Amino acid sequence: MSVGSVLALRITATSLRAPENTRPLGRACSRVRENTYEMWTTTKTTKYGVAVYNWRGETRYGLPLEIGETVQILEECAGWYRGFSTKNRAVKGIFPSSYVHLKPCKIDNEGLFESVIPLEDPVVREVTLVLREWGGIWKRLYVERETYKFNTLRKVMRELLEWRRQLLAGTLTTDQTRELKLRIINKVDWGNR
C-alpha cells in the first residue's frame, strides 16, 4: 500500500468519525457555565432533523439514533436536543445536536399538539423511505443467498439512488423533473409488487 493511499484512507476514516464533544447531560441540563445553570428551552424553528451519525444513547435519558433516522426536536440545551424519533413517537430522549442535520419544516398547531411537516419534495421523501425499507429486504436476500433477487434489487436501488440525487441537485428542467418523477413512481410501484 502506498503512502498516498494510506493518507487517503486516514483522511476518509477521520472525516467519517462522529464528533467527540458529546458529554452526557441529564434531563436537568445541569452543565454549569460561570455559576449559572443552563435550562432546557423549547425550540421555535429547530424542529426537524436527520441523524448523520449512529448514537447508542448510552447516557441517562439517551435516545439511540441510527444514520438516516428522522427526529422531531422539542427542546435544546448546551449542544443537546431533547425529542423523539419519528419511528416511535412515544419514546422521548436526549441526543447530541452535532449528530443531527437540521431540515426545513412547516409547523402546524404550535404548542402541545403541534405537528411538524418536512418541506421536501414528496417524491424524494418517498424514495428515501422506500430505499430504507428495501435495504432491509436486500440484506435478508444476501443472507438467504438469493443471488438473482439480490442482484436485481441492488440494480433497482442504485437507479433510485441516482434518480434521487438528480432530483436533489436541482439542475433538471421542469419537464425533465416531471419525467424523472414518473419514472421513479413507476419503478417504486414495480418494486412493491
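**Local features of the predicted model**

Apart from its neighbours within four places in sequence, E69 is in contact with G49, V50, A51, P64, S85, K87 and R132. The structure described here is a predicted model. E69 is located in the loop that connects β4 (48–51) to β5. Although E69 is buried, it has no salt bridge; the nearest side chain of opposite charge belongs to K87, 4.0 Å away.

A78 has a positive phi, near 50°, and is placed in the loop between β5 (70–77) and β6 (80–85). With a relative accessible area of 19%, A78 is buried. For R145, phi is likewise positive, near 60°. This residue, R145, belongs to the loop between α2 (122–143) and α3 (147–169) and counts as exposed, at 73% relative accessibility.

Across the whole structure, 5 aromatic pairs were found. One of them joins W138 and F150, whose ring centres are 5.0 Å apart and whose planes meet at 5°, so the pair is stacked. This pair links distant parts of the chain, with W138 in helix α2 and F150 in helix α3, 12 residues apart. W138 is partly exposed, with a relative accessible area of 27%, whereas F150 is buried, at 15% relative accessibility. F150 also forms a tilted pair with Y142, with 5.6 Å from centre to centre and 50° between the planes. Y142 is exposed, its relative accessible area being 58%. Together, W138, Y142 and F150 form one aromatic cluster.

A further ring, that of W190, has K187 lying over its face, at 5.7 Å from the ring centre.

Definitions and conventions: Residues numbered from 1 in each chain as written. Predicted model: local features only at pLDDT ≥ 70, side-chain atom pairs only at ≥ 80, totals over all residues. Heavy atoms only, no water. Helix = DSSP H or I, 4+ residues; strand = E, 2+ residues; numbered from the N terminus. Buried < 20%, exposed > 50% of the residue type's maximum accessible area, 1.4 Å probe, protein only. Lys, Arg positive; Asp, Glu negative; His and termini not counted. Contact = heavy atoms within 4.5 Å. Phe/Tyr/Trp six-rings, centres within 6.5 Å; stacked < 30°, edge-to-face > 60°. Lys NZ or Arg CZ within 6 Å of the ring centre and 35° of its normal.
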